[in-house]
Number of protein chains: 2
Amino acid sequence: MLSKKTKYGLKALTFIARRTDNKPVQIATIAKSENISQKFLESILLTLRKSGFLGSKKGKGGGYYLLKDPKEIKMSSVMRVLEGPIAMIPCVSLNFYEKCDDCPDENTCAVHNLMIEVRDCTLNIFNNKSLSDLI
Amino acid sequence: MLSKKTKYGLKALTFIARRTDNKPVQIATIAKSENISQKFLESILLTLRKSGFLGSKKGKGGGYYLLKDPKEIKMSSVMRVLEGPIAMIPCVSLNFYEKCDDCPDENTCAVHNLMIEVRDCTLNIFNNKSLSDLI
DNA sequence: TATTTATCCTATAGATTTAATAGATTAATG
DNA sequence: CATTAATCTATTAAATCTATAGGATAAATA
């Protein structure tokens, strides 16, 4: 399941990306327009800023703005920051690999091999989609 | 993330499917071989029985067995029973559809359209894989 | 029919994650 | 220096997941 954090984060990024002038957008504006709890959105935007997707400006006329061209913002990187691993199970994750406690041999594990296929097709979509494709 | 319930369930089904004679397999046997908590596995197998994948036999020599040919057991149906919706968000789910509270129009929702693509590719895999492919 | 074996059922506890809230702080601008 | 708005920390509330406990029920065997 996609977390609300990710859902809201994607909506907010899309909202900001639609501003062609790239002037700072205030949290409250996004929250109202997209029906998101403002405080919750606050923490999400903070995450996106810390991850290098957004810049922020304090004070009057402040807000959040994109640091890169929407074409350069790949869905796979956004998803990893907001949602975490793209793989459904850590033992097939490229960026967040972890061995399963219970599994003696990954190569013969039915679940492992199935989940590799799922990861590949999902990753293929997220790698070939950018923020500009969402607008 | 794939829940342990699903992971264990898939492993158990695979274990049972490998028995060519289709004689009942005891919970304890599977639990030991696959390193799964026996009580937890018990409830998972119960779910699979109630969903029509497995049959069971009580008493001595009892256990669980497949009700259908592994070729006839599609991954999509197993996943739906164990993990729930295949879609990452209810508004794109075919079998568990739900409207988003915050979203006024699905057709113009960036998240919605992205998640449709992900659902389609995942579903394509699960629909074309059967239990026999996992063995 | 007594004994053994194994599934079936209900309840619940602990851990983790998710979502949201509250309040104080810091910084920029006019 | 007052106003505006972002930032940070801490905490709560709710939901879900994982696992365990204990007994009830049913079937096979001797």
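A polar contact is a pair of N or O atoms within 3.5 Å; within protein, one atom must be able to donate a hydrogen and the other to accept it, and residues adjacent in sequence count only if both atoms are side-chain atoms. By this criterion, a polar backbone atom of G59(B) lies 3.5 Å from a sugar or linking oxygen of DNA strand C. This is a predicted model, in which local features need pLDDT of at least 70, side-chain atom pairs count only at pLDDT 80 or more, and totals for chains, interfaces and linings use all residues. Residues are numbered from 1 along each chain as its sequence is written, chains are lettered from A and ligands numbered from 1 in the order in which they are written, and side-chain values use heavy atoms, with hydrogens and water left out.

**Architecture of chain A**

- Chain A has six helices and two strands, where helices (H or I, at least four residues) and strands (E, at least two) are DSSP runs numbered from the N terminus.
- Read along the sequence, the pattern of chain A is α-α-α-β-β-α-α-α.
- Domain 1 (4-66) and domain 2 (85-130) divide chain A, with bounds that come from an automatic or database domain assignment.
- The centres of these two domains of chain A, taken over C-alpha atoms, are separated by 31 Å.
- The C-alpha trace of chain A spans about 60 × 25 × 25 Å along its principal axes.

**Interface between chains A and B**

- Chain A and chain B contribute 30 residues each to the contact, which means heavy atoms within 4.5 Å.
- About 2,900 Å² is buried between chain A and chain B, and carbon and sulfur atoms give 72% of this area; buried area is the accessible area (1.4 Å probe) that two parts lose on being put together, summed over both.
- In chain A, the residues that lose the most area to chain B are M88(A), D102(A) and L114(A), together 21% of what that side buries.
- Six salt bridges are counted between the chains, each a side-chain nitrogen of Lys or Arg within 4 Å of a carboxyl oxygen of Asp or Glu.
- One salt bridge joins the side chains of D102(A) and K11(B), at 2.9 Å from N to O.
- Ten residue pairs are in polar contact between chain A and chain B, both residues being at pLDDT 80 or more.
- On the side of chain A that touches chain B, α5(A) gives the most, with ten residues.
- That side of chain A divides into 21 nonpolar, three polar and six charged residues; Ala, Val, Leu, Ile, Met, Phe, Trp, Tyr, Cys and Pro count as nonpolar, Asp, Glu, Lys and Arg as charged, and the others, Gly among them, as polar.

**DNA strand C**

- Of the 25 residues around DNA strand C, K4(A), K39(A), E42(B), S56(B) and Y64(B) come nearest; a residue is near a strand if one of its heavy atoms lies within 4 Å of it.
- An N or O atom in the side chain of K39(A) is 2.5 Å from a base oxygen of DNA strand C.
- Sugar or phosphate accounts for 76% of the atoms of DNA strand C within 4 Å of the protein, and bases for the rest.
- The largest share of the surface near DNA strand C comes from α3(B), with five residues.

**DNA strand D**

- Among the 25 residues around DNA strand D, the nearest are E42(A), S56(A), Y64(A), K39(B) and F40(B).
- A phosphate oxygen of DNA strand D lies 2.8 Å from an N or O atom in the side chain of S37(B).
- A polar side-chain atom of R49(A) is 3.3 Å from a phosphate oxygen of DNA strand D.
- The surface near DNA strand D comprises five nonpolar, seven polar and 13 charged residues.
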